[in-house]
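Student: I'd like a close look at one part of this model. Please take me through it slowly, with the cut-offs spelled out as you go.

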Amino acid sequence: MMISSIYSNGMILQRSRENEIRGSFEEDESIRVFFDGKALEVVSDRENKKWKAAIPSMDAGGPHEIRIFADEKETRIKDVLFGDVFVLGGQSNMELPLIWTTDFHYDEIRSADYSMIRQFEVPKLPLFGRKEDMLSGGKWVNADQKNIDGFSAIGFYFAKYKYLKDGIPVGLVQTAVGGAPVESLMSEENLRESFSQIEPEFSHSGKCNNDKSKCCLWCYKDKLSQYADMKYVESVAAEDMHRQESWHKDVDDHDTGLKENWMEPWEEGEYETFTLPSTFYQTKHENFKGVFWIQKTVEVPSDWCDQEVELRLGTFMDGDTTYVNGSAVGGYGFKYPPRRFFLSPGTLKPGKNTITVRLVVDTNIGGAVKECPYYLKLQDQTIDLTGAWKMRFGYEAGPLEGQTFFIWSPTALFNSMLYPIRDLSCKAILFYQGESNCEYPQYYGQLLKDMVKEWRVLFGQNTPFYMAEVTYWLGDGPVYESDPFDAVRKVQREVVGEIPDAYLIPTLHPQNKKEVALRFLESYLKNE
């Protein structure tokens, strides 16, 4: 006997509504299900070896217990609550975890401890050619200090302030994936039908951009056919991984900075000047790929040195390792997480201290993101780290061919993440997506409408749909001559009026997720 992993300890089910639980069984197994000791009716499909049972409608609260028997083998699901369940969907702005937003509301994140707010993050695996029937992997976790960093930032703030208002438990089912276009969130049947409606009007309005990962009107049929062969998908993914690893090994092997210990103070030698924060955009290094180093010497008071000191280094592109007085204190492999390190007592010394950052540029234009903090901090005192830094280039490599992100490909996420949680009872869907469809806004509206219809087949025809307007923030470079998302916003405004029980949420800077969440909540409370 198997059941989907979403039916597991600590789960939150939608209050005041019947909830379905389902699973599979072996040929000769007999399934019995008990809710708080009371037997439930089990409907079995012997031909397909599937079963389901309806959990009765309950008021908010708990804990409850579900016991499932396959003959004498028992599965017990404990600490089940009833509350309000919200499906989180879209791309990175909804997925963005709290740990990446610590430049905002840090104390609020570090003090979070809410056992009545829980999240289930659906495992992110692309799947083609078939739909996964049940989930494997993932678990329900509380919004406490053990798990809070991984919560969707928008989801958490929405849940927190709703819970503080009404005291009803909140369950978040996180399905958002960074970079996901709407085509990845639709079934093959729905996608083919939607494109067939779009084709007569728009087939002559553009051309394929030959994106390896995403599809468009001019290549979706080929990708659906090609990616249905999972052996092909696996082989391309393996080739991509080998190419990435080889490139980074080559950079490490040839980096003069590693060979000559550039993490130590640069007493001699030539160097350029790097202004922190800035990027190489429109400089002679704009196309640089490889590794460069930056270093700054700062004076630190003696009374700082026996205390924990916070080091803030904003966000770098793409990956970095940070050293203080020659010792590594942390780093990340890509640009999004804020660089926030806590230096243990004794790391700093009275007087001059050297901070060195090794930066590996493989994808973006190298540099440091503006509008982020750069300082050392002890309580209410800070030492500014912006301005002139020394800069040296360790190794210039050739360009790195990008990966094929199959998780962005047509049907990839619908098959593996959405279809397996079909029939999940939920209060509403919170959705933040659109940036990945900005290249072809002319037909995005039809796809979005058809996606919403399909999601309502999965989660209930009357499920409210709250959709964030794509932000006006244009990122950290390069600079666009015009806003690439304006056409998407226009489509969203048109479409939301054509979809019953759909609401558009205005947004702002993408890392300030608390404000976005409160706008979602305001609209939800107004329209509930």
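**Around strand E24**

Tutor: Let's start with a bridge: Val-291 has Tyr-395 in E24 as its partner. The model is predicted, so local features need pLDDT of at least 70, side-chain atom pairs count only at pLDDT 80 or more, and totals for chains, interfaces and linings use all residues. Residues are numbered from 1 along each chain as its sequence is written, and side-chain values use heavy atoms, with hydrogens and water left out.

Back to E24. Strand E14 (residues 290–300) runs antiparallel to E24, and six bridges join the two. Strands here are DSSP runs of at least two residues and helices (H or I) are runs of at least four, numbered from the N terminus; two strands pair if DSSP finds at least two bridges between them.

The charged end of Arg-392 sits over the ring of Trp-266, 4.7 Å from the ring centre. The rule for that is NZ of Lys or CZ of Arg within 6 Å of the ring centre and within 35 degrees of the ring normal. Elsewhere, Arg-32 lies over the face of Phe-69, with 4.8 Å to the ring centre.

Now follow E14 to strand E20 (residues 351–361): these two are antiparallel too, with eleven bridges between them. Glu-299, for one, has Lys-352 of E20 as its bridge partner. How much of E14 is covered? Mostly: nine of its eleven residues are buried, where buried means under 20% relative accessible area, exposed over 50%, and partly exposed in between (1.4 Å probe, protein chains only).

For another sheet, look at the open one of four strands, ordered E1-E3-E7-E6 with antiparallel pairing. Strand E1 (2–3) and strand E6 (42–45) are the edge strands, each pairing on one side only. Inside that order, six bridges join strand E3 (residues 19–24) to strand E7 (residues 50–55), and Glu-20 stands opposite Ala-54 in E7.

Since rings came up, how many aromatic pairs are there? The count is 43, taking rings of Phe, Tyr and Trp (its six-membered ring) with centres within 6.5 Å, and calling planes under 30 degrees apart stacked, over 60 edge-to-face and the rest tilted. Phe-151 and Phe-156 make an edge-to-face pair, at 6.5 Å between centres and 85 degrees between planes, and both residues are buried. Trp-218 and Tyr-440 have centres 5.4 Å apart and planes at 50 degrees, so that pair is tilted. Trp-218 lies in the loop between helix H4 (188–202) and helix H5 (220–227), and Tyr-440 in the loop between strand E25 (428–432) and helix H9 (444–459), so the pair ties together parts 222 residues apart in sequence. Trp-218 counts as partly exposed at 25% relative accessibility, while Tyr-440 is buried at 11%. Both rings belong to a cluster that also holds Phe-195, Phe-202, Tyr-220 and Tyr-443.
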